[in-house]
Amino acid sequence: MNDLELFPYPKNRLQKTDLDLAASLQDLVQKEIVDKRLELKEDYQGLLRPNLDKLLVEVGLQRMFWPEDLGGEEHNGPEAAYTVAAALEQVGRADTGLAYLAAHNLALQAALAMRENLDREACARFAPLFCDGRGPMIVSFILPVFGEDEKAPAWRGKSFQVKARSASGGWVLEGKGIRPTCSGADATLFGAWCAVEGEEAPAFILVPGDAPGLSRGPEFKKTGLAASRNADLDLSGVEVPAENCLFRGDLEYRRLLSWFYLGITATTVGGLLAAYQILKEWGDNRVIKGTGNIFKENPLTGALMGEIAQDISMSRLLAYDLAGMLADPSSFGDAGSDMVYTSALMIVHQVLATAERALHRTMELMASAGYAKEWQLERYWRDLKTVQCYVGSHELAKHDFSRWFYGARTL
Amino acid sequence: MRGIDVFSRPLEYLTPLGEQVGEIIREWVEKEVIPYRRGFDEDYLEHRLIHPPFKKLLGEYGIQRILFPEDLGGWGLGHSEYLCVAAFRMFEEIARADSGMAVAFGVVFWPLVLICCEPHVNRRLCEEFAPMFMTNEPVFSCLAMTEPQGGSDIENVEVLKGSTIRTVAVRDGDEWVINGHKLWPTNTGGVADLMGVVCTTNPGSRNPEDIAIIFVPADAPGVTQGPAYEKAGMAADKNGDIWFENVRVPLWYRACGPGDDAKYYGEIVSMGNMGSIAFAVGVMLNIYEKLQEYVNRKTYRGMPLKENDAVAGVLADFATTIEAVRIIGYQCARMCDRQDLYGPRWSPEVVARARAHRYFAADRALEAIGKVMNLMECFGPDRDWDVEKHWRDIKMVQLWLGGKQLSQMEVARWFFECETL
């Protein structure tokens, strides 16, 4: 049995095409990334960027949702949630940073091109960028952050990083020291959730990476996610057409985030599966307490390994539970509904916290090999901690949970 | 804004020397380390940024001399009753800037404990090696324990009694001939000038008398150091392979002698654990400073972030962790110093207590720092805020010295009188 199949998931709900995609991605990333990562480490130019191109363009993840007549695969029903989960856990197993970037791309596609909410005009405008085969669309989001009151009004306790105003049939965007969710140095398209001057409803506006007035700071160093070369941005009088505003309402924004959180959850599960494979090799071969005592057979280390497997297994089930909620709006409601959004937020936080614990424990079991780059484990630990921080403060997320479950109104 | 000195220390334990050196080190880290530390990760092989501050601290300030007797040019701390408390203060000050530097600093003295500290001073070896340290150039020691095949088996002396050690010292006339391969010692990767090497004189033996800790100058023929490993953090602490191929040293380079090398090895473990707690404290003190800046600068609903009740809960947990871990750490240091009250620091009891203190401290620190990073959202993993560096580093503090599971076994063995673990 394929060792990844040891961790159950609702295979019966996946279509054959999902399983085929997952299988081909598993082979591809094994050959192109996993087998080469010791040699190429986390080299962006040598390893990560070429594989991002391959995944988004050649495999076609960036064409998945778009209508066929616009060059896409038109796999844009809610059941695509399972496809997203199955694909991103395979990519995440190879490199969580690459999967994190792909999660942005897929979430934006879902927001624009989902069958039930398809925005034909917006699709016609943006699909070619994703489908013309010219190169990868590196999508980044500019979301509200915690503790930046001085920049703009707040949305659910977080402050907008960008202010937009309507002017001469378009939008003008302003913002300084903006920290995007990824790839500030490379992104070809930014999706910004903006405060709108003089209006209460925010706007989600797409900003091309080469828009005049958009300037990028130097790439900054961070804990992990080498595939995301991040940099702070300034938007100084950036003008974009009116059509670049994709939506104004909370519902659509939460819908985008629910899909984004599904992508991140699957990415995280991928990182956990990688950790499992590394620990498995360690546990099979390591000898402790003298000759003949195999690591996995020791009652203490064996129990901890079991606990890690439990964490991975539960996380995978949660990821597919979330996919199931998004895949079945008739039972659970719209992806942007308060209930689905809150569940998505809870699941992404839960899975990331579980991953943090499981990776800490895996490293503990492997002692020095846990933090030696040679063993390739520590990169998942760094990557997923970075993802967790970018997803946002757990304290604020808990307020969202309280809003839904207890009806809190002023948090 | 309150600074790091608000956290409790058991004042009755502190010594004038420790405090004076602590102040000197604080000034040194402010000027020589903190301004440069963000470049340390990329400097892990060359140490172009890391070496100059060490030259000042160890060589020019002369702190590398502290363990040796006064008449040999040292400061005589080896026969004091406040060595560990003073060391704790020094370690936490250095770790506040960089815990990798703190461990590299601490390991300079680690093998020397075996020959410089009462009641097992090896006067002849002190005389032999003191001149090496009486210089303005930094001198580094290492303690070579871990081997490729067994990981923490070497540290597990009480159970395995050295039976898995494969680095072999064979007596040939009035010399030892050493062959073997060690991994991971701090201050290797070409750094070490003097090595304490854990060997067996009789492979497979469970007789403690066959465990030998032998000093080997790094330039002895047959010693080869590999390049530094690339790790998740702690760039200032170079770790690499060492190969010993027919390395010859005099018989009297053995640290304490048959039976005593194994016995006093426990002292090394206790002091290593004590130092690890100091590293955790130093790291958290610096994060406290960074966090103060963050939660005062960032605003939330018109108020500094710290004024939000939910945020304050996280801040309180972090401050509480520093308080508790620091008190435990100083207590551990005091226990290692006052052997008249607590028993020999090589005894299984003290080893177990120090292990317990260390793994509790490291676990709590790691958990608390993880929460701080999360609170800081996208600035938590940003190197410019320094918190993530400390998070990466402290993970290594948690894992070394045999890792957490070995610590748990030693603690259970002592407190519950387990016999077969």
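Helices (H or I, at least four residues) and strands (E, at least two) are DSSP runs, numbered from the N terminus. On that basis, chain A of this predicted model holds 12 helices and 10 strands. Chain B holds 13 helices and 9 strands. Residues are numbered from 1 along each chain as its sequence is written, and chains are lettered from A, with ligands numbered from 1, in the order in which they are written. Local features need pLDDT of at least 70, side-chain atom pairs count only at pLDDT 80 or more, totals for chains, interfaces and linings use all residues, and side-chain values use heavy atoms, with hydrogens and water left out.

Overall dimensions were computed for each chain. The C-alpha atoms of chain A fill a box of roughly 80 × 45 × 45 Å along the principal axes. For chain B, the C-alpha trace spans about 80 × 50 × 40 Å along its principal axes. The radius of gyration is taken over C-alpha atoms, and the globule rule is 2.2 Å times the number of residues to the power 0.38. Chain A has 411 residues, so a compact globule would have a radius of gyration near 22 Å; the value of 21 Å for chain A agrees. Chain B has 421 residues; the rule again gives a value near 22 Å, and the 21 Å of chain B agrees.

Helix packing was examined in both chains. Two packed helices are described by the angle between their axes and the distance between the axes. Axes are lines fitted to C-alpha atoms, for helices over the stretch in contact, and angles run from 0 to 180 degrees between N-to-C directions. In chain A, the axes of helix 8 (residues 299-327) and helix 10 come within 9 Å and cross at roughly 160°. Helix 8 of chain A is therefore roughly antiparallel to helix 10 of chain A (angles under 35 degrees count as roughly parallel, over 145 as roughly antiparallel, 65 to 115 as roughly perpendicular and the rest as oblique). Their crossing is left-handed: the near helix is turned anticlockwise from the far one by less than a right angle, whereas clockwise would be right-handed. The contact of helix 8 with helix 10 of chain A has 14 nonpolar, 6 polar and 4 charged residues. Here Ala, Val, Leu, Ile, Met, Phe, Trp, Tyr, Cys and Pro count as nonpolar, Asp, Glu, Lys and Arg as charged, and the others, Gly among them, as polar.

In chain B, helix 9 and helix 11 pack at an angle of about 160°, with their axes 10 Å apart. That makes helix 9 of chain B roughly antiparallel to helix 11 of chain B. Helix 9 of chain B passes helix 11 of chain B in a left-handed crossing. Their contact divides into 17 nonpolar, 2 polar and 3 charged residues.

On a 1 Å grid over the protein atoms alone, a cavity is a set of points where a 1.4 Å probe fits but cannot get out, and a pocket is an open set with protein on both sides within 12 Å along at least five of seven lines; lining residues have an atom within 4 Å of a point. Grid points are joined across faces, edges and corners, and a volume is the space filled by probe spheres set on the points.

The second largest pocket has a volume of about 770 Å³. Its lining comprises 29 residues, and the closest to the centre are Ala353(A), Glu356(A), Arg357(A), Glu367(B) and Lys371(B). Helix 10 of chain A gives the most to this lining, with 9 residues. The lining of the second largest pocket has 6 nonpolar, 10 polar and 13 charged residues.

The whole structure has 3 cavities of 30 Å³ or more. The largest cavity holds about 360 Å³. Of its 29 lining residues, Pro144(A), Lys158(A), Tyr261(A), Val391(A) and Gly392(A) are the closest to its centre. Helix 7 of chain A supplies the largest share of this lining, 5 residues. The lining of the largest cavity divides into 19 nonpolar, 5 polar and 5 charged residues.
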